[in-house]
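Hi there,

Here is the structure I promised to pass on to you. Have a look at it first, and then read on for what turned up in it.

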Amino acid sequence: MGVSTSPPEKGPEKDGIAVVTVDFPPVNALPVDGWFALADAVRAAGRDPRVRCVVLAAEGRGFNAGVDIKELQARGPGALVGANRGCFEAFSAVYECEVPVVAAVRGFCLGGGIGLVGNADVVVASEDAVFGLPELDRGALGAATHLSRLVPQHLMRALYYTSRTVTAAELHAHGSVWRVVPRAELDAAALELAREIAAKDGELLRLAKAAINGIDPVDVRRSYRFEQGFTFEASVSGVADRVRDRFGKEEA
């Protein structure tokens, strides 16, 4: 359980690839410490001179269910500040990773999962993958910045306001998912793409990543941080607690 990294292995198939895997049963809803651990793992992999591509993967039922709502309810404002900072660090780590990051998405990718995937360089998904921001149902806000990198603006707004999800096939049609495969083939498909990327010169890949980030039309760090201010406002005003309390009862 936790975050683990499979270092690059020598050989024609895996050389230059680091796989960072998240495993927080039962649904990969990450606690505050989990977000920071994920950020540290991705940054460390990107700094490793042997690594030319990082695969971000997950064990269990789904890729990511966002933050641990129960932790927020139990620990109060301190947990919210921690979750905000942890998510910010994890999303930034994926975006700023010195080498390309391939996200391998299975099952549900919700809330904070959108922040990770939206900041990845390429997304490979299983046929059962669904993507969405149920934030308005959870007493939170945020990650519209990253959903905007996956779907057109008006669709992003509709998804955000309704808390609906979209399928991997729909995102593939929008061009934001590279490939959709049966669940059993996801890991192999992600590694296949990672091997193709890792076959390039490592120094040139790092320059390419920095160059592409430099021409992004939106500063994802500042944009997401701006969103987090409204998340905090919802919390201190009592709106977030009211919605979360209702959500907890509905789940029970």
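Let's begin with a pair of helices. Helix α3 (residues 77-96) and helix α4 (residues 112-119) have axes that come within 8 Å and cross at roughly 15 degrees. Angles under 35 degrees count as roughly parallel, and that makes α3 roughly parallel to α4. The crossing of α3 past α4 is right-handed. If you want to find the contact on your screen, look for A90, F91, S92, V94 and Y95 in α3, which meet G112, G115, L116 and N119 in α4.

Please keep in mind while you explore that this is a predicted model.

Helix α3 has another partner to look at, helix α11 (residues 220-236). Here the axes are 11 Å apart and the packing angle is about 165 degrees. Angles over 145 degrees count as roughly antiparallel, so α3 and α11 are roughly antiparallel to each other. Once again α3 goes past its partner in a right-handed crossing, this time with α11. On the α3 side, the contact is made by L80, V81, N84, R85, C87, F88, F91, S92, Y95 and E96. On the α11 side, V220, R221, Y224, R225, Q228, T231, F232 and S235 take part.

An open sheet is formed by 6 strands in the order β1-β2-β3-β4-β6-β9, with mixed pairing. Its edge strands, each pairing on one side only, are β1 (2-6) and β9 (179-181). From one strand to the next, the twist averages 20 degrees.

Which residues touch the most other members of the largest nonpolar core? They are L38, V105, L116, V117 and F131, in a core of 50 residues. Leaving aside residues up to four places away in sequence, V105 touches F63, V117, V123, V124, A125, S126, A129, F131 and L186. Apart from that core lies another one, of 19 residues, which includes V102, V181, L191 and A198.

Finally, here are some backbone details. Most residues other than glycine have a negative phi, and most peptide bonds are trans. With that in mind, look at P25 and P26, which are joined by a cis peptide bond with omega at about 5 degrees. You will find P26 in the loop between β2 (17-23) and α1 (32-47).

A143 is not a glycine, yet it has a positive phi of about 70 degrees. This residue, A143, sits in the loop between α5 (135-138) and α6 (144-147). Is A143 buried or exposed? Buried means under 20% relative accessible area, so A143, at 3% relative accessibility, counts as buried.

S163 is also worth a click: its phi is positive, near 65 degrees, and the residue is other than glycine. The loop that holds S163 runs between α7 (153-162) and β8 (165-167). With 13% relative accessibility, S163 counts as buried.

Happy exploring, and write back with any questions!

Best wishes

Definitions and conventions. Residues numbered from 1 in each chain as written. Predicted model: local features only at pLDDT ≥ 70, side-chain atom pairs only at ≥ 80, totals over all residues. Heavy atoms only, no water. Pairing = 2+ DSSP bridges. Helix = DSSP H or I, 4+ residues; strand = E, 2+ residues; numbered from the N terminus. Axes fitted to C-alpha atoms, helices over the stretch in contact; angles between N-to-C directions. Core = buried A, V, L, I, M, F, W, Y, C linked by side-chain atoms within 4.5 Å. Buried < 20%, exposed > 50% of the residue type's maximum accessible area, 1.4 Å probe, protein only. Contact = heavy atoms within 4.5 Å. Parallel < 35°, antiparallel > 145°, perpendicular 65-115°, else oblique. Left-handed = near helix turned anticlockwise from the far one by under 90°.
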